[in-house]
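Please keep the structure open while reading.

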Amino acid sequence: MKQIILATKNKNKLVEVKSVLGNDYEVLSMEDIGIDVDVEENGTTFEENATIKAEAICKICGKPVMADDSGLEIDYLDKKPGVLSARFLGHDTSYDIKNAKILEMLEDVPEEKRTARFVCSIAVAFPDRDTVVVRDTIEGIIGYESAGENGFGYDPIFYVPELKKTTAQLSMEEKNKISHRGKALVKMANKLKDMNLWDC
């Protein structure tokens, strides 16, 4: 089976990746292979940060490594928090507080100006081949309150009008079909298969 290391300490992301890639890949976490390092994500785009992480961990373990950088872009806030989504209000600040702050910042902003998107860039780095990068998004709006117990991060405030739900109100199966990460993972899996990059 094709083995891939996921460059994250986020267990929620690990669950999402495994659920999308299914039985085609053996997805291992950094913890599974005994790597505990923090990679400085100093890129200015999601693509740069995903590449930085994937290539850094690949150099350490010598195996194919997948990394993603994802975040929330809010048009009214000039696409912030963007690449700083995880660090918005501080890395250790809970997402309950982050979500509440964003709702406060958008208080009295009408629905047509609350447009937003989740962005996900995924990079797969190989020991002896060029890094492969893909990107995908999901469009929506910022709701007026947090809703839903599923998902993580900004999911409770990200409302998808067509579904009349936040992404935190979706099941894992529903979310993977439409989410930025789910679509990017499918795109990456297809790209790797088409390019036959795995024989390395």
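Helices (H or I, at least four residues) and strands (E, at least two) are DSSP runs, numbered from the N terminus. By that numbering, Lys79 lies in the loop between β3 and β4. The model is a predicted one.

**The loop between β3 and β4**

Lys79 has a positive phi of about 65°, although this residue is not a glycine. Asp78 is also placed in the loop between β3 and β4, and its phi is positive too, about 55°, again without being a glycine. Buried means under 20% relative accessible area, exposed over 50%, and partly exposed in between. Asp78, at 62% relative accessibility, therefore counts as exposed, while Lys79, at 46%, counts as partly exposed. The peptide bond that runs from Lys80 to Pro81 is cis, with omega near 0°. Pro81 belongs to strand β4, residues 80–81.

**Helix α2**

Helix α2 covers residues 46–61; its 16 residues should span 22 Å at 1.5 Å a residue, and the end C-alpha atoms are 23 Å apart, which agrees. Its buried residues are Phe46, Asn49, Ala50, Thr51, Lys53, Ala54, Ile57 and Cys58. An α-helix has 3.6 residues a turn, so residues three or four places apart point the same way. The cover over the buried residues of α2 includes β3 (65–74), β5 (115–125) and β6 (132–142). After α2 comes Gly62, with a positive phi near 70°.

**Helix α5 and its crossing with α1**

Helix α5 has 16 residues and reaches 22 Å from its first C-alpha to its last, close to the 22 Å expected at 1.5 Å a residue. The buried residues of α5 are His180, Arg181, Gly182, Ala184, Leu185, Met188, Ala189 and Leu192. They pack against α1, β2 (25–29), β3, β5, β6 and α4 (172–178).

The axes of α1 (residues 11–21) and α5 (residues 180–195) come within 10 Å and cross at roughly 50°. The two helices are therefore oblique to each other, and their crossing is right-handed. On the α1 side the contact is made by Lys13, Glu16, Val17, Val20 and Leu21, and on the α5 side by Arg181, Gly182, Leu185, Val186 and Ala189. These contact residues divide into 6 nonpolar, 1 polar and 3 charged.

His180 is in helix α5, and Val124 is in strand β5. The table gives their relative accessible areas.

| Residue | Relative accessible area | State |
|---|---|---|
| His180 | 5% | buried |
| Val124 | 0% | buried |

What surrounds His180? Leaving out residues up to four places away in sequence, His180 touches Ser70, Phe118, Val119, Cys120, Asp136, Thr137 and Ile138. Of these, Val119 is 61 residues from His180 in sequence, yet their C-alpha atoms are 5.8 Å apart.

With the same exclusion, Val124 touches Ile4, Val65, Met66, Thr131, Val132, Met188 and Leu192. Met188 and Leu192 are among the buried residues of α5. Val124 and Asp68 are 56 residues apart in sequence and 8.7 Å apart in space, C-alpha to C-alpha.

Key: Residues are numbered from 1 along each chain as its sequence is written. This is a predicted model: local features need pLDDT of at least 70, side-chain atom pairs count only at pLDDT 80 or more; totals for chains, interfaces and linings use all residues. Side-chain values use heavy atoms; hydrogens and water are left out. Axes are lines fitted to C-alpha atoms, for helices over the stretch in contact, and angles run from 0 to 180 degrees between N-to-C directions. Angles under 35 degrees count as roughly parallel, over 145 as roughly antiparallel, 65 to 115 as roughly perpendicular and the rest as oblique. A crossing is left-handed if the near helix is turned anticlockwise from the far one by less than a right angle, and right-handed if clockwise. Contact means heavy atoms within 4.5 Å. Ala, Val, Leu, Ile, Met, Phe, Trp, Tyr, Cys and Pro count as nonpolar, Asp, Glu, Lys and Arg as charged, and the others, Gly among them, as polar. The expected span of a helix is 1.5 Å times one less than its number of residues. Buried means under 20% relative accessible area, exposed over 50%, partly exposed in between (1.4 Å probe, protein chains only).
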